[in-house]
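The sequence and the structure are shown first.

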Amino acid sequence: MLFNLDLVSAELANLHPLERFVHNATLDLDRVEIFGPKSFPRATSLFIIEYDEFIALNAAVFEAGGAFLVRSASASCDTRGLPALLLPDAPDLPDARDLLTRLLEYRMRLDTWSEAVLSTMARDAPLQEVFDMVATMFANPLMLSDSALYFVLTAGRLPDDFRDPFWSPAIETGVCPTEVYFDTWMRSAENAFSSERAYIVSDAETGGRTYLVRNLLVEGEYHGCIELVDVNAPLGPADLALADYVGDLLALILPRRAYPQIANSALGPFQELLAGNAVRPHVLEYGLAELGWSVGDPHYAVCFSGAEGAGELGPHLQAERRIAELYPHAQFVEDNGAHLMIARDVDYPLTEFRAGLLPGGPEGLRFIAGFSSLSDDFSRLRTTADQAAFAYEQIKPYETDRYLATAMGFYDDCWFEDARRRLTDEGGDVVWLLDPAAVALARADERDGTAHVSTALAYLEHGCNATRTAEALFIHRNTLAYRLKRIKAISGLDLENLGTSNVDVLRVHLSCKLLAG
């Protein structure tokens, strides 16, 4: 790994070096040597030199390259434009050889650290492991945020009593306080969120701390940022250089998409879910709370289009605009070119649409719409949207007079058709039909060598009769009772109380059948 004078200055901080060079995060040095008669200008060399030799040096010759570490130097030393680090004379000042040994050992530590970071990235180690390794070279802790400024992780040592107006809310809620960020960050740099190099942010107004920010940009797309805060030591140019180095490494691997947390540019929770990306529960909860919604709200999705020739804005734009006006409490997003409405059942009951009542009374508005089933799990929004799209496609072929009527289709009416296609098509995606609880059981079986799926299947196929199920499985009733309790603990599926639980028994049965087969 290359280094620079800022890193050397930080390493020799106990010798109180005087910096006589332009700070630059570029790592441009690859060699340390003691200056001697045979030394010659070399742009990537750091020369350890005595003060008298430096004064007598032909500066014009060494303008061609090289940086200098000057021993026993006077504070008034004229460096004549040569980049130099001056070490004041002191009783404990190491001699040239000791300085060389110390800097070579420092370079070895840098190399070892760099190789370890690269190694963890190369084997696609968890992102936390990568940043735990990165943090070993910094005195202060690091925080990683994604493209939407959602908290991803921290690494390094945070004091037990640590409180901070930026970091604490991010760590506790999973969401960085964007209003505070934008206000403070933009005061520090006009291009705060587009800068490709690390920069320092001083926050005198909200606590006096100093932060270092390194954006993660790839071809102009923002993927998040790395931050440091000065809770353990002052931040300096050496931190900028190391942060840029880490940022450059991450920029190289982002196109591989090995780390989904920072692989994408900002989308927001709904778009992230629709794109098939996992959204952390507390992040989803926060995003829904901003709408006045909660995670457990029953909701549905509607895939729709307008009648062709409806107006000069174009059919889709006009339909979307008018539907958005009619249903202001819903959310509207684009999904693979389709218009999607996400609505809570409490705001616009799905039963009223099924009854043809069209909440809001859109007089003169004609459209085709596919409705999903009701769902109480926003994390499965991709599945909900797919249901709406499937229902929409079932209507479209039969819409013969697009100018005369609104046509609506409901996934609950065509679920068996979707199941039939997926089960009969060669290579059909049956996983999409699986109940998450049954999937959780299958994963536990694979991991622990248990038989939860086959037990649940047998119990359902024997009418939830414990005696007949135990006989069919050749196990004692107590063993069955224990397995049913484990099934509930693993998946939340209470097979012993199906009448009082909101469980789609048919779907669970089909899922267990598919997984057991």
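D248 is partly exposed, with a relative accessible area of 33%; buried means under 20%, exposed over 50% and partly exposed in between, with a 1.4 Å probe and protein chains only. The model is predicted, so local features need pLDDT of at least 70 and side-chain atom pairs pLDDT 80 or more, while totals for chains, interfaces and linings use all residues. Residues are numbered from 1 along each chain as its sequence is written, and side-chain values use heavy atoms, without hydrogens and water.

The structure holds 19 salt bridges, each a side-chain nitrogen of Lys or Arg within 4 Å of a carboxyl oxygen of Asp or Glu. Three of them are tabulated here.

| Pair | Closest N and O atoms |
|---|---|
| E11 and R109 | 2.9 Å |
| R197 and D248 | 2.8 Å |

R197 lies in the loop between α7 (178-188) and β8 (199-203) and D248 in helix α8, so their bridge ties together parts 51 residues apart in sequence. Helices (H or I, at least four residues) and strands (E, at least two) are DSSP runs, numbered from the N terminus. Salt bridges with shared partners join R197, R214, D244 and D248 into one network. Of the 17 residues in α8, 13 are buried.

The largest cavity holds about 50 Å³ of space; a cavity is a set of points on a 1 Å grid over the protein atoms alone where a 1.4 Å probe fits but cannot get out, and lining residues have an atom within 4 Å of a point. β14 (367-371) is one of the strands that supply at least two lining residues, and β14 gives the most, with three.

How values were computed: On a 1 Å grid over the protein atoms alone, a cavity is a set of points where a 1.4 Å probe fits but cannot get out, and a pocket is an open set with protein on both sides within 12 Å along at least five of seven lines; lining residues have an atom within 4 Å of a point. Grid points are joined across faces, edges and corners, and a volume is the space filled by probe spheres set on the points.
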